[in-house]
Structures are given as C-alpha cells and as structure tokens.
Amino acid sequence: MEELTHFINGKRVADTSGRFADVFNPATGEIQARLPLATPAELNAAVEDAAKAQIAWGATNPQRRARVMMKFGQLINENMDKLAECVSREHGKTLPDARGDVQRGLEVVEVCMGAPHMLKGEFTDDGGPGIDLYSLRQPLGVVAGITPFNFPAMIPLWKMAPALASGNAMILKPSERTPSTSIMLAELLQEAGLPDGVLQVVNGDKEAVDAILDNETIQAVGFVGSTPIAQYIYGRAASNGKRAQCFGGAKNHMIIMPDADLDKAADALVGASYGAAGERCMAISVAVPVGQETADRLIDKLLPRIEKLRVGPYTAGEDIDYGPLITAQAKERVLGLINSGIDQGATLVTDGRDFSLQGYENGFFVGPTLFDNVTPDMEIYKQEIFGPVLSTVRMDTYEDALQLIIDNDYGNGTAIYTADGDTARDFAHRVNVGMVGINFPIPVPLSYHTFGGWKKSAFGDLNQYGPDAFRFYTKTKTVTARWFSGIKEGGEFNFKAMD
Ligand code: NAD
C-alpha cells in the first residue's frame with residue numbers, strides 16, 4: 001500500500017503524527033494508500049516556515065511572480081495526462097472528466113499570468129494642492145486553502161494560483177480522500193520556480209483544520225466543501241479575525257419551459273445530473289418542467305438517454321459516462337435517500353440501487369436514478385444528494401417554478417431552457433442564485449469572471465477566481481501624499497513649459 005506524504009518546505013515529508021486516513025480506490029472498494037494526518041504542532045511549524053518564505057516572495061515583483069505562473073501553466077499542460085490519471089485514481093471520475101478538472105484549474109492559472117495588471121492600484125492626481133492619492137494592493141501574508149474531494153485539481157488551483165500570484169504564502173489542506181493531485185501540483189510549482197515554503201501542502205482532518213482556524217499568523221481562509229462545514233469554518237475563522245470565504249453545497253434546479261427544445265434540454269440534463277456521478281456542486285439535481293405535458297414529454301426523452309449511460313471504472317475506457325461515488329459511506333447515504341424518496345411517495349422512474357459490475361462488486365457504484373412527482377417537503381428535495389439521482393418537480397406555471405427556486409435554501413447554480421428571450425431575461429434578473437445558465441446546464445463562469453453562490457451556498461465576501469480572487473488575497477492601502485513644491489490649488493498646468 002502506498003504511503004502518502006505532506007509537501008513542506010519543498011520536500012515530501014512523511015508522517016510524524018501516527019494518525020492516518022485510508023484513501024480508497026472507489027472502483028474496487030480497496031484501500032490503495034494511507035495518508036498522514038497532521039497534528040496542530042506540524043501545522044503550526046509549516047505556517048511558521050511559510051511566513052518566513054513569504055517575505056521574499058511578497059517582495060518579488062508581480063511580473064516575476066507571473067512568470068512562475070506562466071511556467072506552471074506550461075508544466076500543467078505537459079503533465080495533463082499524469083495529473084488526470086492521478087485525479088481519476090483517487091476520485092474515480094472518468095479520464096475526460098478528470099482532464100476537464102485539470103483544464104478548468106489551468107484556466108485560472110492562465111488568468112494569474114496577468115497578475116501585474118490585476119494588482120495595479122488606483123491613482124488620483126491633484127486631489128488637493130500638491131496632493132496625490134494612490135492605493136496599493138499588498139499581499140495578506142500567509143493564507144490557507146481548505147478543499148473538497150470532488151475537484152482534486154481544479155479547486156486547489158482556484159485557491160493557490162491567485163493567492164500565490166498576489167504574493168502570499170499558502171497552506172493548502174486538500175481533501176483527505178483525494179490528496180495526491182495537490183502534491184503533484186506543488187512539485188510542478190517548485191519546478192516552475194516557486195521558492196520552497198511558499199506553498200505548504202499539509203494533509204489532515206478536523207484537527208489540522210481547527211489548527212488553521214486558530215493559528216494567528218494565517219490571515220485568510222478560502223474554503224470549499226459542504227454547507228455545514230462551510231458555515232462552521234466561516235464562523236470560527238471570522239471570530240478569530242481572519243478574512244474568510246467559504247463556499248458550500250448546492251441544490252441546482254433547471255426549469256424546462258414548454259417552448260424549450262426538449263431534445264437539447266434532455267441531453268443537457270443527463271450530462272448535468274449524472275456526469276461525475278452527480279458529485280459536482282454545479283450538478284443539476286432538480287428538473288422543473290412547466291406544465292404536465294412538458295413534464296410527460298421530458299420524462300419520455302430522458303428515459304432512453306438514461307438507459308444508454310455507461311457506468312464503470314475510469315480504466316474501462318473513454319466512453320464511460322461516469323464512475324463510482326467516493327466512499328462506501330457516500331454510497332450508503334445516497335441509497336438511503338433513494339429509499340426515503342420511495343417511502344415519501346415520489347415515483348421511481350429508473351432505479352440505480354441494484355447496480356453491479358462484474359469484477360467491481362465492492363466498488364461504490366450507484367446506477368442512474370430518476371424520480372418523478374417529487375414535492376418540496378421530501379428529503380430527496382431538501383437535501384443535497386451528491387449522487388446520480390435526478391428529481392423531477394412538476395410545476396404548473398413559470399412563476400411557480402421561479403418561486404420554488406427562490407424559496408430553496410441553496411443558491412449556487414440554476415438554469416432555464418426556453419426559446420423565449422423575455423422569460424430567460426426575467427429569470428436571470430429575478431432568481432436569487434449566484435450563477436445562471438440560459439440554455440446552458442452547468443453555468444460555471446470562465447476563469448476571468450468569478451465563481452460563487454448565494455444563500456447557504458456561500459458564506460463571506462467575494463467570489464472565487466477572476467478579479468474577486470485578487471481582491472480577496474490582497475489588502476488595500478491608500479496613501480495620501482503632499483509635496484509642497486507641487487502645483488498650487490487653482491493653479492493651471494503650464495502646457496507651454498512642456499514644449
Ligand atoms: P466536506 O465539507 O466534507 O470537506 C471539505 C473539507 O473540509 C475537507 O478538506 C475536509 O477535510 C474538511 N472537513 C470535513 N469535515 C470537517 C470538520 N468537521 N471540521 C473541519 N474540517 C472538516 O466536503 P466534501 O465531501 O469533501 O465535498 C463535497 C461538498 O463540497 C458538497 O457539498 C459540494 O456541493 C461542495 N462543493 C462546493 C463547491 C462550491 O464552490 N460551492 C465546489 C465543490 C464542492
């Protein structure tokens with residue numbers, strides 16, 4: 001069995017705590033590696049070294065830091081297949097999906113190549129007699145990233161690239177279920193020229209996370225994971241005076257209007273709800289057809305598409321549609337929720353509970369499951385299932401469908417399929433959700449925009465990546481300067497003197 005490590009001060013560092021987490025192969029159910037879990041003392045020592053390394057890195061001019069990002073981007077491209085294989089091995093997602101995971105992270109690195117531009121301050125000439133004002137964006141110092149299992153490359157890259165390009169040092173605590181990609185990325189960053197100690201990958205569980213939240217040197221925490229943990233981390237980090245942005249879970253709805261192209265809507269729904277086994281915070285988990293006829297037609301279109309889905313291990317080839325869930329507990333939870341849906345009166349249209357694959361009987365697979373006639377009081381509607389389960393909630397009117405989404409606790413992503421521009425525009429303006437798709441099922445914004453949900457999908461300020469990330473990872477200092485020999489108030493600039 002493989003023994004995994006931390007990555008501290010430029011080296012792979014073996015366990016000293018004696019505490020470990022098992023890392024599974026989700027396709028077989030076997031333990032494939034053992035991950036050391038850091039103690040608070042190990043975490044604090046890594047922070048202390050990061051603080052020392054940050055001084056020179058923060059003083060490095062932004063263009064040089066951007067060059068490290070350029071080289072890093074190049075190395076990610078060169079190592080795309082290895083990184084994707086590492087993602088699939090621990091997560092279980094298909095290789096094309098894993099390459100997408102790396103690619104969407106790489107795109108954030110590409111934006112960070114423009115760090116000098118993003119970090120430019122503002123300037124007011126002649127704010128008073130001989131007075132100029134200028135603002136600087138300065139790094140925070142040491143910051144932390146705490147990331148979930150479901151995007152082992154993309155989300156660590158969303159955290160590390162803007163934090164480092166802004167001149168900070170980062171303590172990255174990846175998910176204990178999918179830790180290895182972060183170590184690979186840290187090694188590529190080292191090869192790209194990042195000084196040792198500026199990125200410390202410290203593996204751990206709640207003990208290490210609590211040590212991050214209580215460490216006085218760490219200035220900011222960027223978290224992504226489930227809503228209860230996001231809320232906990234936001235509260236504890238903020239009460240310790242840290243800047244915190246904590247992104248949580250989701251329940252994403254897609255409205256299907258009677259005038260929508262139902263073939264396109266059904267194709268999109270199948271990809272958005274069952275892709276990555278539904279383990280995406282932007283997965284569509286609720287279909288909301290408007291009108292009984294639309295609903296009947298939609299179910300008819302979905303059925304043959306669902307029947308064609310191929311579920312299997314990533315090693316079975318590129319035409320697999322999705323893989324296993326992440327752990328046996330995750331599978332049990334999803335099966336329990338499916339049972340609750342049946343008990344509470346939803347119509348089970350396709351049943352993925354008994355899915356089994358020869359040679360992979362102990363894998364954490366669940367077949368594609370479709371419910372119809374789901375109502376908002378059912379557990380399958382209220383909870384984020386995070387599995388290959390799509391619920392259909394039939395609504396009579398567009399207003400009812402919109403209100404359903406407005407009343408939902410979560411507000412990460414949503415979509416509408418329609419041929420009517422007025423309805424689409426109305427939806428985009430009125431819905432209280434952070435990311436909206438119009439005839440677009442998973443509206444993850446491109447890397448030069450920003451990513452973030454509303455309501456219980458996010459706690460704290462500012463979004464991830466894009467311009468917001470540079471704001472989150474820097475503080476603004478504003479200088480008001482007076483030079484007594486400057487132009488007097490009311491004085492005119494002498495253009496002639498320039499000749
Ligand atoms: P999780 O909340 O279990 O874990 C996330 C991180 O928190 C991990 O690093 C984990 O070690 C740590 N953690 C777990 N329990 C903790 C505790 N009690 N105290 C302190 N730290 C703890 O989430 P997950 O299962 O890894 O990821 C799936 C969740 O993440 C889903 O809810 C999904 O919607 C959400 N997610 C959200 C976004 C977003 O941008 N909004 C993106 C991806 C995933």
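The model is predicted, with local features needing pLDDT of at least 70 and side-chain atom pairs counted only at pLDDT 80 or more, while totals for chains, interfaces and linings use all residues. Residues are numbered from 1 along each chain as its sequence is written, and side-chain values use heavy atoms, without hydrogens and water. Helices (H or I, at least four residues) and strands (E, at least two) are DSSP runs, numbered from the N terminus.

The axes of helix 2 (residues 62-78) and helix 7 (residues 180-192) cross at roughly 130 degrees and come within 8 Å; axes are lines fitted to C-alpha atoms, for helices over the stretch in contact, with angles from 0 to 180 degrees between N-to-C directions. To this contact (heavy atoms within 4.5 Å), helix 2 gives V68, M69, K71, F72, L75 and I76, and helix 7 gives L185, L188, L189, E191 and A192.

Three strands form an open sheet in the order 1-5-4, with mixed pairing; two strands pair if DSSP finds at least two bridges between them. Strand 1 (2-3) and strand 4 (20-25) each have a single partner strand and stand at the edges, so one side of each lacks a neighbour in the sheet. Strand 4 runs antiparallel to strand 5 (residues 30-36), joined by six bridges. F24 lies opposite I31 in strand 5. Helix 3 (residues 80-91) packs on the sheet and touches strand 4 and strand 5, its direction making about 100 degrees with that of strand 4.
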